Amino acid sequence: MEQQLSSIVGFLENKTILVTGSTGFVAKVFVEKVLRIQPNIKKLYLLLRAADSASATKRLYDEILGKELFSVLKEKWGSDLSSLVDEKVVVPVAGDIAHEDLGVKDDNLKTEMFSEIDAVINLAATVNFDERYDVALGINTLGPKHILDFAKQCSHLKVFVHVSTAYVCGEKGGLVMEAPFKMGETLNGTCDLDISNELRLMENKLQQLTADKLAEKAITRAMKDFGNERARKFGWPNTYVFTKSMGEMLIGQQRGEMPLVILRPTIVTSTFKEPFPGWIEGIRTIDSLAIAYGKGRLNCFLGDPNSTIDLIPADMVVNSIIVAMAVHADKPGETVYQVGSSRRNPIKFSQIPGMGYNHFSQKPWIGKDGKPVVVGPVKIMGSMDTFHRYVYVRYLLPLKVSSILSFIYIYIYIYIYIYIYIYI
């Protein structure tokens, strides 16, 4: 095992890697890990959405290197990591994956990147489930194609790793095969999915909404609804996984002989071990439920108690990326990996409430009043009928009783008023 680990770390030595989506959650963990385990990495090009080099550098310090995640590295390298940037180990690149050549305007920098890059790691995505269709297509579908086109110009490229999501496979249960999508393949068997047509439909819809002179808010809502409508037409539950699936199709079809690895992680959570346990940024998919419960606002939840929740810590996702790079470098072909925990370490949905109760009982959420929030057990509703009964008894019935009492109080008030008016 130690020999294998040494070989994987050794692969990173003197390598130059392009990372897209650099300010994202997993990308930060990847950058930190690489810098920590392989000090002899040659260069990390970090693509950042920015207008120019100065703006990109500011984002690098503010949104990446300035995070607590890099505290272990700061202890190793000093009070900050500026030495790494000064030595050109970490290079911020102003650009945007929604454009050709990744929006990189500096021709000299592009020439340098084309001659130096050994591996490309695509971590860029919009993860909003009901994102505007035009935005999601631009980032999740066309973005990977633009990155692939850029990678094809890199003369020493050894591998392209594209991080997708396990949920491109939709909501079907059972065994999910690690197989790439064929161009035009759908989840419900319909045979009329054409990515070029989807782009035309999106553009026509946007032009129509603009011509109707709708407010920007109304256009946004309409484009979100349109994306979900198109996703459901082909069997996907939302715009996010639909556009991610089409992104996989494009790079799979157009990769040529390039070694391509598609990683499909499940629900990505906080770090398990590295660089320290529990680091997370923002409110992710499952986090909103934990926060709602900790604040005392979640008393029940609808779900199958026997279902399995597949969670994967961010540092394990990063480990899989690094291993995939080392194993598949210079090996033409397309490989798909599901990255999850449900096979080896399954967590049943029925276990989650107990975990939440134990945690927030020992470490309660502190409310705005400065007092700890007292939480109680969460009741899991295994069916819609059970959920409807619970809501009726807990909320609707008390409201009806309150309404009846209010009517009685009003009746008594009117009676007393009339009595006083007539007899007194």
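This is a predicted model: local features need pLDDT of at least 70, side-chain atom pairs count only at pLDDT 80 or more; totals for chains, interfaces and linings use all residues.
Good morning. Phe160 stands opposite Leu260 in strand S6.

Strand S6 covers residues 259-265. It is joined to strand S5, residues 159-163, by four bridges, and S5 and S6 run parallel. Strand S6 is also joined to strand S11, residues 333-339, by seven bridges, and these two strands likewise run parallel. Within that pairing, Ile262 stands opposite Val336 in S11.

Is strand S6 mostly covered or mostly exposed? It is mostly covered, with seven of its seven residues buried. Both faces of the strand are covered. On one side we find Pro259, Val261, Leu263 and Pro265, and on the other Leu260, Ile262 and Arg264.

Asp310 is buried, yet it has no salt bridge. Which side chain of opposite charge is nearest to Asp310? That side chain is Arg343, and it is 9.9 Å away. A salt bridge would require a side-chain nitrogen of Lys or Arg within 4 Å of a carboxyl oxygen of Asp or Glu.

What, then, surrounds Asp310? Leaving aside residues up to four places away in sequence, Asp310 touches Tyr167, Thr266, Ile267, Gly340, Ser341 and Ser342.

Thank you for your attention.

Definitions and conventions:
Residues are numbered from 1 along each chain as its sequence is written. Side-chain values use heavy atoms; hydrogens and water are left out. Buried means under 20% relative accessible area, exposed over 50%, partly exposed in between (1.4 Å probe, protein chains only). Lys and Arg count as positive and Asp and Glu as negative; His and the chain ends are not counted. Contact means heavy atoms within 4.5 Å. Two strands pair if DSSP finds at least two bridges between them.
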